[in-house]
Every structure is written in structure tokens, then in C-alpha cells.
Amino acid sequence: MTVIFYIFIFGLIIGSFLNAVIYRLEAKKSVCRGRSFCPECKHILAWYDLIPLLSFIFLGGKCRYCHQEISIQYPLVELATGLLFVLIFPLVGGSRPMAGQFSIFNLSYGFYIISILIVIFVYDLKYYIIPDKIILPAIIVSSLWSLSAGNYLKIENWKLPAQGWSALGGEIIDVNSLLAAFGASAFFLSLIIISKGRWMGFGDVKLAFLMGLILSFPNILVALFTAFISGAIIGAGLILFKKKDLKSQIPFGPFLAGGTIFSLFFGEIIINWYLNILL
Ligand SMILES: [Zn+2]
């Protein structure tokens with residue numbers, strides 16, 4: 001239990017860092033350099049203003065210095081990162097027998113992927129773009145990962161449970177993930193060509209490629225299906241409640257990132273359930 005607690009705290013801290021990454025990417029500032037400051041009054045924040053979740057709660061969601069309201073994005077990103085880190089841990093972490101010394105790689109990669117998906121989710125939702133500075137390194141890291149999944153990291157007796165993470169399986173060379181990446185991105189590219197760029201952006205093509213690398217086949221299908229269904233429902237809801245009209249732009253990246261996270265946890269359960277119905 002204590003391990004779970006530390007992972008949650010670690011996730012909160014990384015979540016706080018992700019908020020800074022999102023802000024600094026938009027403001028074209030260096031991610032690594034410079035102290036954190038209030039986006040409104042630019043006052044440099046003290047260490048006790050930077051405690052994830054708690055400082056937001058104790059300050060009543062307002063800046064200590066200028067009393068401007070702090071966006072709910074800050075505590076939500078921190079909380080989501082903490083919770084998802086805790087949830088991803090049993091999938092890739094050190095508690096599984098035979099995971100051995102390589103589990104730390106799996107865990108790091110799991111944390112990295114969760115972080116990337118959270119940044120893409122929030123950034124595309126806010127600014128309608130998926131930043132290359134985030135997606136391109138993630139594609140490189142995940143390509144190396146799926147290429148090494150069958151070779152360098154091969155662990156003979158290590159089998160993931162039914163709801164495991166196929167790209168991290170470590171038991172096969174993951175050609176599947178490369179095929180899933182090219183297949184998914186080709187699909188989105190064709191949507192762009194058909195719609196002349198009205199339905200999707202090129203960022204979605206890159207994200208689809210990353211999703212294929214992370215999820216592999218057939219779990220990529222669960223992610224895409226989830227993204228399109230939830231996108232349609234929420235899009236229809238926004239139009240129904242007059243938040244958006246038919247012509248307004250709704251970014252698709254958040255649905256793709258959300259679908260990827262959903263498929264990480266439930267992909268294989270749903271695939272097995274679906275195959276059981278069919279067969
Ligand atoms: Zn302020």
C-alpha cells in the first residue's frame with residue numbers, strides 16, 4: 001500500500017510539471033529553465049504555492065498574490081496524473097513475478113506514455129493543436145520500444161495477464177505495433193484527403209501513428225472506436241446544448257488520447273469479450 005501512496009504522490013508532482021510544460025509550450029518559454037510564476041500577475045511562486053492539489057485547495061483556487069482564480073486544469077491534471085500512475089503500476093510495475101530487473105523500464109515507459117497523453121489531451125483541447133515537441137519524441141521513444149520489445153527486453157517466462165499491455169508483452173517481436181501505427185495513420189490521412197482537412201488535422205495523423213506503436217493490434221481498434229463513439233456523443237451534446245454549432249471546430253486529439261488510455265486498461269478485455277460473442 002505504501003508503494004501505491006508514493007506512486008500517487010510522484011504522479012501528483014509529475015502532473016504539476018505537466019501543467020508547467022503545457023503553459024510554457026504555449027508561451028514559447030523554456031520548459032526546463034526559470035521559476036514558476038502566476039500566469040496572471042507573474043508573481044514568482046514560493047515552494048508552498050507549488051504543492052500539487054493541496055495549495056489549490058488551501059488557497060481556494062485563487063492566486064495568493066493577485067487573488068485571480070487559478071484554472072481548474074491545474075488540480076485536475078495533477079489528480080489525473082496521480083491516479084493514472086497508480087492504475088498503470090500493476091500493469092507494468094514491479095509487483096509481477098518474473099518481471100525482474102526490466103520492470104523499471106516498463107514502469108518508466110508507462111509513466112512517460114501516460115504523461116504524453118495527458119499533455120496532448122489538455123493542449124489540443126485548449127489550443128487546437130498537438131505540439132510536435134511532444135508527439136515527435138514520443139514517436140521515437142515508442143518506435144525504439146516496440147522494436148526492442150521482442151529482442152533486447154525479451155523475458156522468456158514473462159506473460160502479461162489478460163488485461164495486459166500488448167506492446168509491453170516482451171514475448172514477441174512487435175511487428176503488430178508497427179503495422180497498427182502505419183494502418184491507423186493511413187486511415188487518418190485518408191480522412192484528411194476525403195474531407196480536404198475539415199474533419200481532422202495532420203496532428204491527428206501523427207497521434208494515430210503513436211497510438212499504434214503504444215497499443216499495437218488489435219487494441220488500437222478499441223482506442224479508435226472509443227474515440228469516434230465518444231467524439232460523436234460529446235460533439236452531438238455540444239451542438240444540442242448550443243455550446244457549438246455544426247461549423248465549429250472540435251479538436252479530436254483529446255478523444256484519441258482518451259481512447260488510448262481507455263484501451264491501455266480495457267483493450268484486451270473488450271477484444272476478448274467481442275471475440276467470445278463472434279465465436
Ligand atoms: Zn497571481
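Trainee: Which residues touch the most other members of the largest nonpolar core?

Mentor: In this predicted model, they are I88, I120, F188, L207, L210, L256 and L264. The core holds 58 residues.

Trainee: What makes a set of residues a nonpolar core?

Mentor: Its members must be buried residues of the nonpolar kinds, Cys and Tyr included, joined through side-chain atoms within 4.5 Å. The 58 residues form the largest such set here.

Trainee: Which helices supply at least two residues of this core?

Mentor: They are α1 (2-26), α3 (73-92), α4 (103-127), α5 (132-148), α6 (175-195), α7 (202-215), α8 (219-240) and α9 (253-278). The largest share, 12 residues, comes from α4.

Trainee: Why is the core said to lie between domain 1 and domain 2?

Mentor: Because domain 1 (1-92) and domain 2 (128-279) both give residues to the core, it lies between them.

Trainee: What is the helix and strand count of the protein chain?

Mentor: There are 9 helices and 0 strands. Read along the sequence, the pattern is α-α-α-α-α-α-α-α-α. Of the 279 residues, 46% are buried.

Trainee: How many of the contacts with a separation of 6 or more come from residues 24 or more positions apart?

Mentor: Their share is 68%.

Trainee: Now a single site. Why is V119 called buried?

Mentor: The cut-off is under 20% relative accessible area. V119 has 2%, so it is buried. V119 lies in helix α4.

Trainee: What does V119 contact, leaving aside its neighbours within four places in sequence?

Mentor: V119 is in contact with L18, I22 and I134. Take L18. It is 101 residues from V119 along the chain, yet their C-alpha atoms are separated by 6.5 Å.

Trainee: And S195: buried or exposed?

Mentor: Buried. Its relative accessibility is 1%, and the limit is 20%. S195 sits in helix α6.

Trainee: What makes the pair S195 and L191 a polar contact?

Mentor: A polar atom of the S195 side chain lies 2.8 Å from the backbone oxygen of L191. The cut-off is 3.5 Å, so the distance qualifies.

Trainee: How many salt bridges does the structure have?

Mentor: The count comes to 2. One joins D49 and R64. The other joins K206 and D132.

Trainee: Why is the D49 and R64 pair called a salt bridge?

Mentor: The rule asks for a side-chain nitrogen of Lys or Arg within 4 Å of a carboxyl oxygen of Asp or Glu. The closest N and O atoms of D49 and R64 are 2.6 Å apart, so the pair meets the rule.

Trainee: Where do D49 and R64 lie?

Mentor: D49 is in the loop between α1 and α2 (54-58), and R64 is in the loop between α2 and α3. They are 15 residues apart. D49 is buried at 10% relative accessibility. R64 has 34%. That falls between the 20% and 50% limits, so R64 is partly exposed.

Trainee: What makes K206 and D132 qualify as a salt bridge?

Mentor: The N to O distance is 2.5 Å. The limit is 4 Å, so the pair passes. K206 is in helix α7 and D132 in helix α5, 74 residues apart. K206 is buried at 18%, whereas D132 is partly exposed at 38%.

Trainee: Why is E268 counted as buried?

Mentor: E268 has a relative accessible area of 18%. The cut-off is under 20%, so E268 counts as buried. E268 lies in helix α9. Its C-alpha atom is separated by 6.5 Å from that of N219, 49 residues apart along the chain.

Trainee: How many disulfides does the structure hold?

Mentor: The number is 0. Cysteines C38 and C63 are both buried, C38 at 4% and C63 at 6%.

Trainee: Which peptide bond is cis?

Mentor: The bond joining F217 and P218, with omega about 5°. P218 lies in the loop between α7 and α8.

Trainee: Why are K42 and Y128 called partly exposed?

Mentor: K42 has 49% relative accessibility and Y128 has 35%.

Methods. Residues numbered from 1 in each chain as written. Predicted model: local features only at pLDDT ≥ 70, side-chain atom pairs only at ≥ 80, totals over all residues. Heavy atoms only, no water. Buried < 20%, exposed > 50% of the residue type's maximum accessible area, 1.4 Å probe, protein only. Helix = DSSP H or I, 4+ residues; strand = E, 2+ residues; numbered from the N terminus. Domains from an automatic or database assignment. Polar contact = N/O pair within 3.5 Å; in protein donor to acceptor, adjacent residues only side chain to side chain. Contact = heavy atoms within 4.5 Å. Disulfide = S-S within 2.5 Å.
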